[in-house]
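Colleague: I am new to this one and would like to learn how to read its charged pairs. Could we go through it together?

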Amino acid sequence: MRRLLALASLLFGTAATVDAQVVVVRDAGPGPGATIIRRVVAAPHTLRAGSTPLELSRDSTVVGSLLVLGRPTYLASQVQGDVVVVGADLFLRPGADVSGRAVAIGGTVAETSLGRVAGGVESLRDESFAVDSTGGQFVLDYRSTRVDDGGEPMFQLAGTMGLKLPKYDRVDGVSLPVGVLVQLDNHLVELEPYVTYRSRLGVVDGALEVRTRNLAPYRFVGRAARDTRTNEAWNYADLINSLATLWAGSDTRNYFRADVGEGRVIRRVERDAFILEPYVGGRFERVYPITAVGNVWSVLGRDDVERIARPNPLVEAGHIGSALLGARFRTLGAVASRVDLDVEQGFSAPAGTSTFTQLTADAEVELPTFRTHTLSMRAHGVATRGDAVPMARYAYLGKGGTLRTLNLLEQGGTSLLFLESRYLIPIEKIQLPKVGAPVLTLRDAFGAAGVGDLPGLQHEIGIGIGVSVLRVEYTRAVAGRSGDEFGVGISMPRF
């Protein structure tokens, strides 16, 4: 019944659907907003117009794109297309699943780390449209909101009131970044200088990020920073890893320190069914080791050498210079998928090590199957060629979001393979407040990591039940080293 009411509210209520109302862009203006709106209204879409806040819960689905005129939008639902909000802000909530882009024209997109937007997000703050509803049509006329018209200023606080997303791990403790954003010419260029306080180290690291407009055909992204880096960011997202470290002492990453400068030129190719972003670039860094000695607080596992007190592998100190080449591929539509390929060709390396060539591949796909069932597959691989590859390019797996019957990051080296599939079965007869139906999960995973050739594969299967991104799960090894585990699992798509 709740789904029927949500669907009826979405299609009727105070909404106007594409069949009942027509949207016409009369004055397009100089910015990209008119093109985005025209693309949405040229395809099947749902239109919502008004001035009151619009809330779409996670148990609702929008078939096709969603165009919202003048209404602050709080989105936790599934949208099988783009979401475009004109003249208001778009707030993405946990559970939001957008197969296309999320765009706010004359507003800001507030992102969530517990949802996905396959086509990326864009906030076009310096342009908007006046909406005139007459004669069965919504007529849109461009209006500037730039600073010289009383609009957005050149200097702003970065993130939320100057605070970017904090992190928590066993080598830095609390990492608290604060900064400002300088935007030029309607966000044609953005400069974001910021500093990060790291509580365990007692240092303040500086950084500068430079980027051009996100949805332009060609764009540049670059950064210079003193940083704590990892090769395991693919395992868990920053927020999930921070919470796991704080609560259970389970930091699913290894780290090294670096003074780094890097930049990439990215070409964006967008079609109705996919987005392809090939890039070329370079990186130069001075790397040096960092220790972990168990003096970071956690609720559980504070003295456990397999958790918060786990030693951190020490990398060779020195300089690594490299050329970068790669691509990002995303599909748009009912089938959500992504493929990320990165090739790094080193041309300088620390003393005692050699230059190298490294290929890293990361991919994920979600397929609808029977009724509301979903098949989710994930893959990550690393292949490296070189006589003595620097340890700053080693990759690790074990526990966390990888193989749960191995110890935490037990295996590592220059080669890595991880494959996982999950079959998700919603129990629709049970509807829990806010989070919807619980989901039964059947899991199969295998992989290995080592220096040079891969060791024998560890293969495990599991079954779990949960809500949203959390579940309780039992896992048992069926090949490789024997073992089983019962615990809490977290899975979140990286689309």
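Modeller: Keep in mind that this is a predicted model. Start with one side chain: Arg283 has a relative accessibility of 11% and counts as buried.

Colleague: Which side chain does Arg283 meet in a salt bridge?

Modeller: The general idea is that side chains of opposite charge can pair when their charged atoms come close. Here the partner of Arg283 is Glu262, with 3.2 Å from N to O.

Colleague: Is Glu262 buried or exposed?

Modeller: Buried, because its relative accessible area of 18% falls under the 20% cut-off.

Colleague: Where does the chain pair Arg404, and with what?

Modeller: Arg404 forms a salt bridge with Glu485, and their closest N and O atoms are 2.9 Å apart. This pair links distant parts of the chain: Arg404 sits in the loop between strand 31 and strand 32, while Glu485 is in strand 37, 81 residues apart. Arg404 is buried at 10% relative accessibility, and Glu485 is buried at 17%.

Colleague: What joins strand 33 and strand 34?

Modeller: Look at Glu420 and Arg443, which form a salt bridge with closest N and O atoms 2.6 Å apart. Glu420 lies in strand 33 and Arg443 in strand 34, 23 residues apart. Glu420 has a relative accessible area of 9% and is buried; Arg443, at 4%, counts as buried too.

Colleague: How many positive and negative side chains does the chain have?

Modeller: There are 53 positive and 53 negative side chains, and the centres of the two sets lie 2 Å apart.

Colleague: How do I read the chain as a whole?

Modeller: Begin with the elements: the protein chain has three helices and 37 strands. Its radius of gyration is 24 Å, close to the 23 Å from the globule rule for 495 residues, so the chain is as compact as a globular protein of that length. The C-alpha trace spans about 75 × 55 × 40 Å along its principal axes.

Colleague: What share of the residues is buried?

Modeller: Of the 495 residues, 48% are buried. Among contacts with a separation of 6 or more, 51% come from residues 24 or more positions apart.

Notes
Residues are numbered from 1 along each chain as its sequence is written. This is a predicted model: local features need pLDDT of at least 70, side-chain atom pairs count only at pLDDT 80 or more; totals for chains, interfaces and linings use all residues. Side-chain values use heavy atoms; hydrogens and water are left out. A salt bridge is a side-chain nitrogen of Lys or Arg within 4 Å of a carboxyl oxygen of Asp or Glu. Buried means under 20% relative accessible area, exposed over 50%, partly exposed in between (1.4 Å probe, protein chains only). Helices (H or I, at least four residues) and strands (E, at least two) are DSSP runs, numbered from the N terminus. The radius of gyration is taken over C-alpha atoms; the globule rule is 2.2 Å times the number of residues to the power 0.38. Contact means heavy atoms within 4.5 Å. Lys and Arg count as positive and Asp and Glu as negative; His and the chain ends are not counted. The place of a charge is taken as NZ of Lys, CZ of Arg, CG of Asp or CD of Glu.
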